[in-house]
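Biologist: I have a structure open and would like to learn how to read it. Could you walk me through some of its features?

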There are 2 protein chains.
Amino acid sequence: MPTFKITIAYDGTDFSGWQAQPNQRTVQEVFEHAWQEITGEQLRVRASSRTDSGVHARGQVVGVKSETSIPADKIRCGLNAKLPDDVVVLSVELANDDFHATHQATGKRYRYRIHNDYRRPVFDRQFVWHMPKPLDIEAMHRTGQALVGKHDFASFESAGSERETSVRTIFDLEVSRGPQQDNHLDPSPEIWIEIEGDGFLYNMVRAIAGSLVAVGLGRKPESWLSETLIAADRRIAGQTAPAQGLILLKVDYPVSHS
Amino acid sequence: MPTFKITIAYDGTDFSGWQAQPNQRTVQEVFEHAWQEITGEQLRVRASSRTDSGVHARGQVVGVKSETSIPADKIRCGLNAKLPDDVVVLSVELANDDFHATHQATGKRYRYRIHNDYRRPVFDRQFVWHMPKPLDIEAMHRTGQALVGKHDFASFESAGSERETSVRTIFDLEVSRGPQQDNHLDPSPEIWIEIEGDGFLYNMVRAIAGSLVAVGLGRKPESWLSETLIAADRRIAGQTAPAQGLILLKVDYPVSHS
């Protein structure tokens, strides 16, 4: 009975997030439907992250315990033929029998994209947060370093989460100008916030992004972010940045499971 | 009576091209409608290029002769507030009285984007041509150099065009790997064909892109492109590449008009 580790990408725009819910179009539901079409199996699958409505993924990992005898590469082709055009399977690998996509993840990396230009974005309008006023990238990066390490992130968590502890470890936080894509235009209008950690509380990346923007706009001093972290009170942090700017880039697992 | 040179960008996906047509959603129609909303003027405007249905633009130039007294920068803000989210005004400049966006263009640059990976694209699926089989970028670039210069491009023109001559000059043709956008993944799956010239026949860039792909796939030898050019017969060239991969990058005018 093989266990598969399946990496998928999706445009979250038209999905009510990952998790299956009645009368909603979700990534889990379309994935399970495609799985049933190619194998005949009606299964419940697990993902590394239950991404919210409107959040995108480029390296979401899905774990499937199946009785199929279809080989991994044929599964990839079959799923891609059945899935709608806003979801794609990037790879299908055989995993250890005890592989669990949710519980065994050791690290995740997210990117939050901000379109920082006085003019609206057109081509990436469903993948960025439009922020017309100039942001101070260096100040955002500097202040963000206060979050790196093991901390209680209760200040950056939305209410109603289920979890035993709000302590998490951030391995890396980088705020940088988006890549220059073209020789014919000005510097990229995008600012990227990338955060990697061992796990994230509900809405944590978006709360951090919103707080970094408050500093980048000069509405809050650079010292405010570490004070907010110490306070461990959600009411203090900045606004939760909109879902559409967020993308799950990758998920790491122990070597023995990947 | 001011004349404006207005640079706009649009996602062509949901437009039946630039040119106004009855019962079609076109960029010209939404632009003229927005103009009327902010100035009260019901005008016919001209663009540098009548882009086809599904073709995108990042530097389309629109010429407007108006009697408005609204200053240029206010026009930009006003249009952007009225235009739908798949069109944006990038700049509004005062031009010479005799400025004509269509007739005075001296050069145009287009990009054709190919997603060259066995897996479907997700995020840019409306901006690329998906080509699952590997393309030989170097062969495409080498053979494309045969088109640079002043030639009769009748072989790369779709039927039904109105024009006096099919002679055009290509200034530059580059085939290259798309930019690396991310440190965490493999090389870019995109191949970009960029072509700059003094003007283009109907569907010429897409016919060239389709022909370069035939060479890149090894279906045609590298010598075939220059033979096709010399034949001056459209039936010989490759297929016309799909509209959605094409984007008008910029339009040049004589310095006195810009």
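Modeller: Gladly. One idea to begin with: the expected span of a helix is 1.5 Å times one less than its number of residues. Please keep in mind that this is a predicted model.

Biologist: What span should helix H1 of chain B have, and how far apart are its end C-alpha atoms?

Modeller: Helix H1 of chain B covers residues 27-39, which is 13 residues, so at 1.5 Å a residue it should span 18 Å. Its end C-alpha atoms are 18 Å apart, in agreement with that.

Biologist: Which residues of H1(B) are buried?

Modeller: Here is the general idea first. An α-helix has 3.6 residues a turn, so residues three or four places apart point the same way. In this helix, the buried residues are B:Val27, B:Gln28, B:Val30, B:Phe31, B:Glu32, B:Ala34 and B:Trp35. They pack against strand S1 (3-10), strand S3 (56-65), helix H2 (72-82) and strand S4 (87-95) of chain B.

Biologist: What follows H1(B)?

Modeller: B:Gly40 does, and its phi is positive, near 80 degrees.

Biologist: Can we try the span check on another helix?

Modeller: Let's take helix H4 of chain B, residues 204-216. H4(B) is mostly covered, with 13 of its 13 residues buried. After H4(B) comes B:Gly218, with a positive phi near 80 degrees.

Biologist: Now to strands. How should I read the two sides of one?

Modeller: In a regular strand the side chains alternate between the two faces of the sheet. From S5(B), B:Gly107, B:Arg109, B:Arg111, B:Arg113 and B:His115 point one way. B:Lys108, B:Tyr110, B:Tyr112 and B:Ile114 point the other way.

Biologist: Is S5(B) enclosed or exposed?

Modeller: Nine of its nine residues are buried, so S5(B) is largely enclosed by the rest of the structure.

Biologist: Which strands pair with S5(B), and in what sense?

Modeller: S5(B) runs antiparallel to S10(B), joined by six bridges, and B:Arg109 has B:Lys250 as its bridge partner there. With S9(B), the pairing is also antiparallel, over eight bridges, and B:His115 is partnered by B:Glu190. Strand S6 (residues 129-130) of chain B runs parallel to S5(B), with two bridges; in that pair B:Ile114 stands opposite B:Trp129.

Biologist: How many bridges join S7 and S8 in chain A?

Modeller: Four bridges join strand S7 (residues 149-152) to strand S8 (residues 167-177) of chain A, and the two run antiparallel. One bridge pair is A:Lys150 with A:Thr169. S8(A) is also joined to strand S9 (residues 190-197) of chain A by seven bridges, again antiparallel, with A:Asp172 opposite A:Glu196.

Biologist: What about the loop between S7 and S8 of chain A? Is A:Ser166 buried or exposed?

Modeller: A residue counts as buried when its relative accessible area is under 20%. A:Ser166 lies in that loop, and its relative accessibility is 7%, so A:Ser166 is buried. Its side chain makes a polar contact of 2.6 Å with that of A:Asp152. Beyond its sequence neighbours within four places, A:Ser166 touches residues including A:His151, A:Phe153 and A:Leu201.

Biologist: Where is A:Asp86?

Modeller: A:Asp86 sits in the loop between helix H2 (72-82) and strand S4 (87-95) of chain A. At a relative accessible area of 3%, A:Asp86 is buried. Its side chain has a polar contact of 2.9 Å with that of A:Arg25. The residues in contact with A:Asp86 include B:Val122 and B:Arg125 from the other chain.

Biologist: That brings us to the interface. How do I read the contact between chain B and chain A?

Modeller: Start with its extent: 36 residues from chain B and 36 residues from chain A take part. The area buried between them is about 2900 Å², with 53% given by carbon and sulfur atoms. Then look at charges: there are four salt bridges between the chains. One of them joins A:Arg125 and B:Asp85, whose closest N and O atoms are 3.4 Å apart. There are also 10 residue pairs in polar contact. On the side of chain B that touches chain A, the largest share, four residues, comes from S4(B).

Definitions and conventions
Residues numbered from 1 in each chain as written. Chains lettered and ligands numbered in written order. Predicted model: local features only at pLDDT ≥ 70, side-chain atom pairs only at ≥ 80, totals over all residues. Heavy atoms only, no water. Buried < 20%, exposed > 50% of the residue type's maximum accessible area, 1.4 Å probe, protein only. Contact = heavy atoms within 4.5 Å. Pairing = 2+ DSSP bridges. Buried area = accessible area lost by both parts, 1.4 Å probe. Salt bridge = Lys/Arg side-chain N within 4 Å of Asp/Glu carboxyl O. Polar contact = N/O pair within 3.5 Å; in protein donor to acceptor, adjacent residues only side chain to side chain.
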